[in-house]
Protein chains: 4
Amino acid sequence: EWNDMQEFTKFPTKTGRRSLSRSISQSSTDSYSSAASYTDSSDDEVSPREKQQTNSKGSSNFCVKNIKQAEFGRREIEIAEQDMSALISLRKRAQGEKPLAGAKIVGCTHITAQTAVLIETLCALGAQCRWSACNIYSTQNEVAAALAEAGVAVFAWKGESEDDFWWCIDRCVNVDGWQANMILDDGGDLTHWVYKKYPNIFKKIRGIVEESVTGVHRLYQLSKAGKLCVPAMNVNDSVTKQKFDNLYCCRESILDGLKRTTDVMFGGKQVVVCGYGEVGKGCCAALKALGAIVYVTEIDPICALQACMDGFRVVKLSEVIRQVDVVITCTGNKNVVTREHLDRMKNSCIVCNMGHSNTEIDVTSLRTPELTWERVRSQVDHVIWPDGKRVVLLAEGRLLNLSCSTVPTFVLSITATTQALALIELYNAPEGRYKQDVYLLPKKMGSRFSSTFWGTGLQRVQSARTASQALLLLCDDTLPACTCLPSTPT
Amino acid sequence: EWNDMQEFTKFPTKTGRRSLSRSISQSSTDSYSSAASYTDSSDDEVSPREKQQTNSKGSSNFCVKNIKQAEFGRREIEIAEQDMSALISLRKRAQGEKPLAGAKIVGCTHITAQTAVLIETLCALGAQCRWSACNIYSTQNEVAAALAEAGVAVFAWKGESEDDFWWCIDRCVNVDGWQANMILDDGGDLTHWVYKKYPNIFKKIRGIVEESVTGVHRLYQLSKAGKLCVPAMNVNDSVTKQKFDNLYCCRESILDGLKRTTDVMFGGKQVVVCGYGEVGKGCCAALKALGAIVYVTEIDPICALQACMDGFRVVKLSEVIRQVDVVITCTGNKNVVTREHLDRMKNSCIVCNMGHSNTEIDVTSLRTPELTWERVRSQVDHVIWPDGKRVVLLAEGRLLNLSCSTVPTFVLSITATTQALALIELYNAPEGRYKQDVYLLPKKMGSRFSSTFWGTGLQRVQSARTASQALLLLCDDTLPACTCLPSTPT
Amino acid sequence: EWNDMQEFTKFPTKTGRRSLSRSISQSSTDSYSSAASYTDSSDDEVSPREKQQTNSKGSSNFCVKNIKQAEFGRREIEIAEQDMSALISLRKRAQGEKPLAGAKIVGCTHITAQTAVLIETLCALGAQCRWSACNIYSTQNEVAAALAEAGVAVFAWKGESEDDFWWCIDRCVNVDGWQANMILDDGGDLTHWVYKKYPNIFKKIRGIVEESVTGVHRLYQLSKAGKLCVPAMNVNDSVTKQKFDNLYCCRESILDGLKRTTDVMFGGKQVVVCGYGEVGKGCCAALKALGAIVYVTEIDPICALQACMDGFRVVKLSEVIRQVDVVITCTGNKNVVTREHLDRMKNSCIVCNMGHSNTEIDVTSLRTPELTWERVRSQVDHVIWPDGKRVVLLAEGRLLNLSCSTVPTFVLSITATTQALALIELYNAPEGRYKQDVYLLPKKMGSRFSSTFWGTGLQRVQSARTASQALLLLCDDTLPACTCLPSTPT
Amino acid sequence: EWNDMQEFTKFPTKTGRRSLSRSISQSSTDSYSSAASYTDSSDDEVSPREKQQTNSKGSSNFCVKNIKQAEFGRREIEIAEQDMSALISLRKRAQGEKPLAGAKIVGCTHITAQTAVLIETLCALGAQCRWSACNIYSTQNEVAAALAEAGVAVFAWKGESEDDFWWCIDRCVNVDGWQANMILDDGGDLTHWVYKKYPNIFKKIRGIVEESVTGVHRLYQLSKAGKLCVPAMNVNDSVTKQKFDNLYCCRESILDGLKRTTDVMFGGKQVVVCGYGEVGKGCCAALKALGAIVYVTEIDPICALQACMDGFRVVKLSEVIRQVDVVITCTGNKNVVTREHLDRMKNSCIVCNMGHSNTEIDVTSLRTPELTWERVRSQVDHVIWPDGKRVVLLAEGRLLNLSCSTVPTFVLSITATTQALALIELYNAPEGRYKQDVYLLPKKMGSRFSSTFWGTGLQRVQSARTASQALLLLCDDTLPACTCLPSTPT
């Protein structure tokens with residue numbers, strides 16, 4: 001059942017490892033930002049696996065690129081903490097009670113400043129953690145170093161080989177004298193490895209928390225096949241995650257991604273956004289607000305009607321393709337932008353993808369001899385027609401979000417808090433409450449999670465406080481602009 | 001099961017029949033506008049029931065206030081037609097095929113210019129119609145006259161007594177030589193009357209289409225009790241109706257309602273909106289866009305977080321009550337604005353309700369001796385405190401929408417088209433497709449309906465045309481700003 | 001020098017006095033709203049000049065339509081007071097000091113609820129007032145009655161003849177034992193009358209305050225000719241008035257005017273706005289915000305570029321005329337919308353004018369035999385082409401503002417306060433500060449005026465208070481959403 | 001007259017040359033972006049003055065950091081060209097006629113991809129150019145290399161010493177067998193040098209074009225002192241430049257600057273913007289549009305009233321300082337944000353300046369022993385209070401624009417086109433049209449300039465074409481979203 005792994009998201013790098021082709025399944029790249037990979041790894045070609053490194057406390061229980069980068073990484077973590085108040089407030093509460101005391105969590109996620117805040121929060125709540133990366137290119141080496149320096153058993157670096165990838169996971173799972181009782185996964189590779197290599201571990205596992213679409217899909221397949229032997233939490237479908245990773249997050253990252261790559265002015269530009277789902281709604285709202293003239297293509301009639309009512313002209317792509325300055329795809333379909341469209345675009349038209357899949361723009365059709373590709377910046381190609389016309393292709397049609405902008409830390413904070421709460425819930429649930437099944441985080445659950453922000457329902461975590469006390473405590477810290485909640489009717 | 005009728009919506013009138021107290025259940029007042037009641041009925045105190053009137057073709061098969069008002073009413077209908085292109089395009093298609101040929105529809109709705117367009121469309125589609133009013137105050141006499149002049153058997157006038165009300169319904173149902181086979185109801189009173197008085201009629205009825213919350217509620221009760229003997233369509237819960245009657249419609253009618261009653265300038269005003277559901281979202285968006293400073297109160301954490309992300313400060317009502325210029329309720333709760341809040345408001349604060357129920361503002365608490373009420377305009381009361389402070393109460397706390405503004409014709413067009421399509425569907429469905437149950441109009445159904453706007457799926461209605469032909473035909477007419485649909489990925 | 005009077009603004013009425021043609025110069029109709037003329041005057045054809053009326057205190061020193069309407073008018077004034085806090089706060093301060101004590105003001109303005117608040121404020125500041133109307137149709141009879149009941153010597157009614165008009169002015173000026181020492185004029189007719197009939201009065205006049213474009217133009221002509229014998233204040237060109245009467249006011253009144261006349265839904269409508277000056281900017285901003293798709297035509301390149309940067313497509317009118325749902329003119333040019341454009345509009349297209357002049361839409365070209373005009377509502381005509389196409393023409397191409405919506409009271413409050421302050425300034429200025437010239441209210445002056453709202457510079461008015469004390473006092477009352485001002489860098 | 005030079009803008013660098021203190025006057029840093037300085041100069045410490053370099057055509061008539069970087073620089077120029085269509089369209093037209101044939105331009109500006117497009121356009125129009133940098137840190141070495149490779153005599157590199165600075169200028173001016181006849185200056189240093197060292201050159205100079213505030217100020221001083229001996233064009237005050245460099249540009253760069261430095265999410269954040277001039281208006285509009293809750297402080301009452309009408313709460317800074325997440329200054333005043341304010345900010349509050357001057361935030365007050373400064377990223381300092389509170393200070397209080405974001409290329413295109421047109425105008429003007437004075441580029445001139453974008457008035461430049469032909473030609477290329485202009489009333 002793990003055989004149908006999808007090709008892993010080829011991660012953009014300067015060193016151009018794009019030819020690498022291997023099967024690592026897709027992790028939650030939608031919540032991940034590569035933009036914060038500051039240093040390049042080219043300065044040192046010795047594999048971390050061959051290095052002997054020790055942190056300042058004498059521990060060697062980690063494997064990172066360069067432990068000396070820890071200080072720089074620590075600063076990045078501190079920056080991230082500034083906009084992750086939900087996690088920080090969870091952490092503060094944990095100084096008394098330790099809801100994850102005894103938890104031994106093995107994790108496999110992107111390793112960035114934001115996930116570092118999550119990992120350190122889990123530690124503060126009482127857990128022991130061992131961690132690897134869910135993507136061979138996404139690790140921020142400095143952050144990994146900072147975690148290692150702080151005592152976390154982290155095994156990850158930017159630019160792992162496939163063999164490195166599984167080796168790192170194995171080092172997290174296969175340890176003498178330590179056995180995980182919780183899994184936090186992003187993409188399902190860790191879960192897969194445990195199933196394949198150490199199925200006995202599941203006897204002690206109290207639950208799996210999975211964030212990505214792909215990983216969740218795999219869990220449902222396992223469940224369907226009757227092979228899921230522990231409870232699992234589907235974090236991906238929480239209301240808050242959906243709204244945040246799509247509408248609100250894309251509203252900001254479309255601007256960020258376009259600006260960082262092209263310095264384009266939004267005011268007065270004509271933009272067509274293909275698709276008016278949550279992602280499209282976010283893109284359209286932001287671009288309209290900054291003075292762009294936005295067209296929408298949409299085949300679902302309800303969404304099309306919403307686009308109309310929101311003030312966008314709904315068109316066929318072919319109607320406007322000659323005149324637009326920017327084309328953005330977010331339909332969830334394949335080949336929305338075809339070679340024919342690309343042939344008709346005007347000079348300097350920018351083309352990019354905000355959808356999940358890499359296939360919305362038919363980039364392959366541009367790999368023909370008569371077209372010249374010129375890499376003008378990282379993630380920016382000029383594709384040049386024989387007559388000199390240039391089309392500006394961003395991230396080779398991959399998710400712009402992932403490749404060219406950061407995801408707002410606050411959004412990652414929401415997701416990370418959900419993960420932490422799911423771990424707490426599964427770890428502390430009385431025997432039998434959760435069966436060997438995937439729990440859907442239905443709206444109710446999403447609500448409970450977010451109500452956790454304000455303290456309602458926090459009593460399990462923090463039994464000494466009444467809900468209303470917790471409420472008062474949490475208001476200021478957590479909800480961005482909310483001085484006091486709830487409200488109606490007082 | 002009909003015993004628990006709710007008190008009917010007391011309809012605002014100049015002549016102040018507010019003391020009238022009787023049990024007519026609640027009709028779809030959310031889609032109804034009183035603002036277009038142009039003439040007053042005081043000029044002629046003879047009951048229409050006692051008048052002998054004949055239209056220009058010699059027919060007396062109607063009972064309206066004054067058949068001579070037909071020309072004025074016709075103009076109102078023509079105005080309404082301008083923004084009801086969906087119905088008009090349905091009507092055009094019907095010139096060849098008549099999908100309602102043979103249908104005998106008895107209807108009970110508000111009788112306004114917009115419903116007149118619906119009724120005349122049903123006739124154009126082949127139906128025979130007999131019609132009464134679902135509310136004793138909401139009939140536009142001129143429109144009723146125009147319908148009567150055009151040959152529709154309409155029995156309705158503004159200011160019916162309760163006895164008149166049931167008499168009119170009875171005149172529609174109880175006819176020699178004519179028996180209804182379809183029911184279009186709004187509020188459930190017609191359905192109730194048939195159940196009670198003429199249950200045999202149901203043997204020929206192919207289906208009921210019901211629009212209002214109350215009527216739908218009654219149908220579910222009937223169904224639960226095993227007493228529903230024909231299929232019924234719940235129009236109220238279609239996706240499009242929900243979005244339109246709430247978000248998009250309220251976005252416009254909050255401005256219209258405030259302006260018509262108070263001439264208040266929005267720019268620079270501080271407004272608190274209680275509740276951030278679809279109605280609240282619409283109100284907030286409109287007011288923010290026109291330069292008001294908007295606060296939100298909300299107890300649901302997801303909605304509160306959305307309000308934050310949309311740029312509104314989420315507050316407790318008591319925090320801002322002293323400083324705001326306008327208070328708008330749309331929570332669905334009772335007594336959201338209490339006497340204590342009202343006591344603390346500043347001079348000239350405007351208070352109104354956009355929620356479904358009349359009880360969000362505790363108006364009763366203002367009926368005390370120390371406060372003076374001054375009716376300064378229709379629907380506008382100044383409530384005056386002993387120190388001279390005035391609070392401006394709109395529509396006595398009833399739905400502002402209903403009382404003080406019009407509902408955009410386009411919105412009513414969407415609902416009316418849904419009703420027409422539901423009638424067509426039930427009337428033409430093969431035997432057995434619909435059982436004796438309430439059909440929920442789930443998202444799929446709503447989608448199918450609206451896809452009808454663009455022609456996909458219209459083939460049952462209009463089998464000669466392919467979907468794509470119908471598409472081309474419908475694009476221009478129907479979807480407001482859509483020159484051509486669908487789009488992606490063509 | 002008064003010979004070049006412009007034809008007076010023909011005021012729209014049901015009774016169709018449009019044929020009346022006489023020379024009353026143009027008053028500040030941009031700040032005036034006819035929408036609040038509640039009662040019609042047709043019920044009583046006896047001229048007010050022939051009636052003997054007495055108010056409740058026994059005075060007959062007035063001439064209005066019907067003194068019995070005073071109570072209704074009083075309520076309208078009370079409603080207006082709710083959004084005119086600047087005037088009300090001026091009034092409060094005057095209870096001690098009376099900066100207009102001894103002032104005898106003769107005024108000639110529109111007589112509406114809002115100007116009534118101004119007049120009563122002047123009285124509260126110590127002035128004696130005699131008042132006539134500057135437009136033969138614009139008087140709200142009920143308000144005039146309320147003023148008369150309150151003791152103001154008002155001579156005005158709706159539907160004056162030209163003879164009535166001058167008779168009323170004369171009754172204000174030519175009084176035994178009372179001689180005006182200040183003039184407040186709107187359009188220049190009062191000033192003209194005094195120049196022509198009673199030039200000696202100018203010996204005692206301390207100054208003239210004039211609001212309208214036309215009146216100000218006349219004053220400059222007088223000044224140029226060396227015939228201006230007192231100082232005059234040009235209120236028309238104050239920064240605040242310009243911004244308010246155009247950008248902010250039109251932003252609201254375009255919505256109000258369209259809604260009241262047509263009930264059209266804005267969401268999804270395609271609208272073309274001709275002209276992107278302050279008026280156009282206001283219209284565009286409002287319509288865009290409510291979900292309309294807005295196009296702009298503009299010939300000034302800077303304004304066109306601003307439109308682009310603000311997110312509007314700049315087009316030629318002919319490009320979009322076939323597809324738009326609404327056409328709005330605000331260019332200041334003639335015949336912007338030609339018969340050819342009108343011929344090409346689609347069925348049910350709405351056409352209206354927000355510009356100053358009546359000539360932006362070539363309405364005359366529609367007065368041809370093949371077109372049928374149908375008056376469907378007050379201010380709404382359907383012009384019907386031979387093929388049945390209807391174009392919806394509002395207010396026969398006159399200013400929509402003026403004819404079909406109200407002007408927000410707050411806006412009028414700003415202008416009225418400016419007038420009051422100009423009167424105070426001229427009346428209290430030391431001899432010689434102002435010469436026999438027109439004072440331009442340059443930016444600085446406008447600033448000083450509005451700073452008056454916050455108290456800086458208020459010391460002349462209210463010498464006991466320091467500026468900062470006044471500031472604290474005024475903040476809450478005056479600036480709409482401003483709890484405390486000024487701010488930076490405290 | 002040159003003695004009152006202002007201290008030059010200390011340019012941010014990693015290598016921390018901030019201690020350098022010398023008198024180079026202020027150039028137009030508001031239109032300049034440092035963000036595109038890609039490579040660091042630390043790899044090679046040999047001074048370019050000591051290097052012997054030759055371009056591929058054998059020329060050594062330049063002095064840049066490293067001629068081998070030319071290819072990279074060429075790509076940056078190509079990227080810039082994509083959004084500088086106005087210049088490119090000027091260039092295209094010049095292939096026939098060469099309006100600058102014979103012009104020998106000596107220039108001193110920032111040397112970036114965008115100015116390179118300007119310089120190469122001037123060359124294409126027929127001019128010979130010699131160029132130096134107006135700021136010792138702002139040169140993009142790769143771009144300078146690309147210019148040198150293309151044959152432009154450029155003398156500039158990033159990190160010049162003061163001696164280098166004047167040496168480079170001298171190398172442009174003091175050439176055997178070549179004498180400049182036009183000056184394009186940014187900051188006035190070049191003009192100053194010529195006045196001081198080579199006054200005779202002015203005999204042949206036909207005019208000076210100056211862009212910066214400082215340079216223009218100096219020119220007026222010269223003119224006042226009767227020492228200006230050639231005509232000069234003040235580009236700084238063109239309408240378009242003012243609107244673009246402030247309102248529209250800041251609307252985008254505030255988002256860009258905050259995102260690149262902090263990855264902060266805008267949605268739900270509370271932001272206070274100090275000052276509501278054009279810059280403040282741009283910042284407020286953008287942040288509000290992205291879901292921030294924005295407060296404004298403002299002392300000018302007109303601007304404050306505009307802020308209110310635009311929907312912002314006007315407050316005193318001290319009122320909100322405890323609760324806001326971001327503080328942005330753009331007042332033009334000093335010490336708007338004081339140490340006391342900084343002491344009261346909450347943890348993780350971001351503080352930055354969008355105003356012209358470095359002194360709006362009292363950064364000096366933070367240089368005290370009890371506070372710890374931690375440089376967490378380039379341009380980002382955490383200032384840490386003894387209790388652990390961190391304030392995030394961006395660019396040490398310098399202009400965020402300048403330091404942390406790019407300026408949209410389109411904006412620079414507008415300014416650069418204005419400069420080109422000013423050069424053409426002065427160079428081609430008949431003797432005597434322009435005197436020895438500073439020409440103000442009044443609104444009319446700004447208009448003519450921008451009308452040039454659409455071709456009206458282009459006839460002097462391009463006499464063969466009629467305005468309307470030129471119009472058709474230019475429409476598509478130039479105005480961002482404008483398919484055809486002008487429009488009304490066609």
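Chain D and chain A meet through 38 residues of chain D in contact with 38 residues of chain A, where contact means that the C-beta atoms of two residues, placed from the backbone, lie within 7 Å. On the chain D side, helix H1 (70–82), helix H8 (239–262), helix H9 (278–289), S12, S14 and helix H14 (409–428) each supply at least two residues. The largest share, 6 residues, comes from H8(D). By class, that side of chain D has 17 nonpolar, 10 polar and 11 charged residues. Here Ala, Val, Leu, Ile, Met, Phe, Trp, Tyr, Cys and Pro count as nonpolar, Asp, Glu, Lys and Arg as charged, and the others, Gly among them, as polar.

A word on what you're looking at: this is a predicted model, in which local features need pLDDT of at least 70, side-chain atom pairs count only at pLDDT 80 or more, and totals for chains, interfaces and linings use all residues. Residues are numbered from 1 along each chain as its sequence is written, while chains are lettered from A and ligands numbered from 1 in the order in which they are written.

Now for the sheet in chain D. Its 8 strands form an open sheet with mixed pairing, in the order S9-S8-S7-S10-S11-S14-S13-S12. The edges are strand S9 (313–314) and strand S12 (372–377), each of which pairs on one side only. H1(A) packs on this sheet, touching S12, S13 and S14 of chain D, and its direction makes about 95 degrees with that of S12(D). (Axes are lines fitted to C-alpha atoms, for helices over the stretch in contact, and angles run from 0 to 180 degrees between N-to-C directions.) Strands are DSSP runs of E with at least two residues, helices are runs of H or I with at least four, and both are numbered from the N terminus. Two strands pair if DSSP finds at least two bridges between them.

Follow S10(D), residues 326–329, as a way in. Strand S7 (residues 270–274) of chain D runs parallel to S10(D), joined by 4 bridges, and Val273(D) stands opposite Ile328(D). S10(D) also pairs with strand S11 (residues 349–353) of chain D, again in the parallel sense over 4 bridges; there, Cys352(D) is the bridge partner of Ile328(D).

A residue is buried if 20 or more other C-beta atoms lie within 10 Å of its own, exposed if 12 or fewer, and partly exposed in between. Val296(D), in strand S8 (residues 293–297), counts as buried because it has 28 C-beta neighbours inside 10 Å. Among the residues that Val296(D) touches are Val273(D), Phe312(D) and Val314(D).

Over in chain A, there are 16 helices and 15 strands, and 63% of the 490 residues count as buried. Helix H4 (residues 141–149) of chain A has 9 of its 9 residues buried. They pack against helix H1 (70–82), helix H3 (113–124) and strand S3 (153–155) of chain A. Just after H4(A), Gly151(A) takes a positive phi of about 100 degrees.

Technical notes:
Lists of a residue's contacts leave out its neighbours within four places in sequence.
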